[in-house]
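Colleague: Could you take me through one part of this model in detail, namely its pockets, and say what lines them?

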Amino acid sequence: MTQEHVQPTIIYEYPLLERVRTYLRLEHILQALQPSIPVDQYNYTRYFSALFDIVELCERSDVRTDVQKDLERRKTQLKLWAQHPDVNLEQLQQTQTRVCEALAAIQPMSRVGSSLKQHRLLSTLRQRFGMPGGTCNFDVPQLHYWLHQPQALRDADTQQWWSELTVLAHGMALELELMRSQAHFRPVIAKNGLIQESIEPLSLLRIRIPTTVPAYPVISGHKQRFSIRFLRYEPILGKASLDEDIEIELALCP
């Protein structure tokens, strides 16, 4: 029996709540901070830019409290699901354990990133990072010194900085996982390249599009209404909108 061909697709996500917008930004930035990627003189700008972006995002909003509240809601929700006769109890109990463990870890935390702001090298670097070329060796000689230390020393430092974020990162990743898993993709036709819907309150909109579609979605909306307009990556005769029916898939995550 031959394996069925699966058409390549692209998944786009659009947050419909402000805190979910912050979660997705943090998720994206955290990819650059994984301890498995050694920091050296060739990639240090990407690493420190990501680290300072996380500190700034956590300063602007109380992400720790938001994640804690969301996990508390998941805990209550899972208790209600346990009463459903068709629920997979083993899987449900595993998820309940993960949520309880994440909550137990995040509850005693202080504000995220506070110790990182007090680190001597990081506080100096952060002031210079917004300047064009501001991390040149004559601007921040301590960075130049750090980059010429053995890799093992730099790895120990980046591991320590990562440890300041792991509890938040784990709790947030779990909340996003549960949010995404609550909705399955369903086929939808975008008539003349446009979709508009009024819906029950949502947290996240997910769109799956075949790579053969020569357009990308421009999305706007809030928790109870959204619109999707498809625009061509390369306009034709100066026209960017894709005014034809497109078959896509949508997942509406509450």
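Modeller: The model is a predicted one, and the largest pocket in it holds about 330 Å³ of space. Its lining is made up of 14 residues, and those that lie nearest the centre of the pocket are Leu 78, Trp 81, Gln 91, Thr 95 and Leu 178. Helices α3, α4 (89-106) and α9 (166-181) each contribute at least two residues to this lining, which by class comprises five nonpolar, six polar and three charged residues.

Helix α3 (residues 63-81) also packs with helix α1 (residues 18-30), the axes being 11 Å apart and meeting at an angle of about 110 degrees; because angles of 65 to 115 degrees count as such, α1 is roughly perpendicular to α3. On the α1 side the contact is made by Arg 19, Thr 22, Tyr 23 and Leu 26, and on the α3 side by Val 63, Asp 66, Val 67, Asp 70 and Arg 73, which gives four nonpolar, one polar and four charged residues.

The second largest pocket holds about 200 Å³ of space, and the residues lining it include Val 6, Gln 7, Thr 9, Pro 187 and Arg 208. Strands β4 (204-210) and β8 (246-253) each supply at least two residues of that lining, with β8 giving the largest share, three residues. Divided by class, the lining of the second largest pocket has five nonpolar, two polar and three charged residues.

Notes. Residues are numbered from 1 along each chain as its sequence is written. This is a predicted model: local features need pLDDT of at least 70, side-chain atom pairs count only at pLDDT 80 or more; totals for chains, interfaces and linings use all residues. Side-chain values use heavy atoms; hydrogens and water are left out. Axes are lines fitted to C-alpha atoms, for helices over the stretch in contact, and angles run from 0 to 180 degrees between N-to-C directions. Helices (H or I, at least four residues) and strands (E, at least two) are DSSP runs, numbered from the N terminus. Angles under 35 degrees count as roughly parallel, over 145 as roughly antiparallel, 65 to 115 as roughly perpendicular and the rest as oblique. Contact means heavy atoms within 4.5 Å. Ala, Val, Leu, Ile, Met, Phe, Trp, Tyr, Cys and Pro count as nonpolar, Asp, Glu, Lys and Arg as charged, and the others, Gly among them, as polar. On a 1 Å grid over the protein atoms alone, a cavity is a set of points where a 1.4 Å probe fits but cannot get out, and a pocket is an open set with protein on both sides within 12 Å along at least five of seven lines; lining residues have an atom within 4 Å of a point. Grid points are joined across faces, edges and corners, and a volume is the space filled by probe spheres set on the points.
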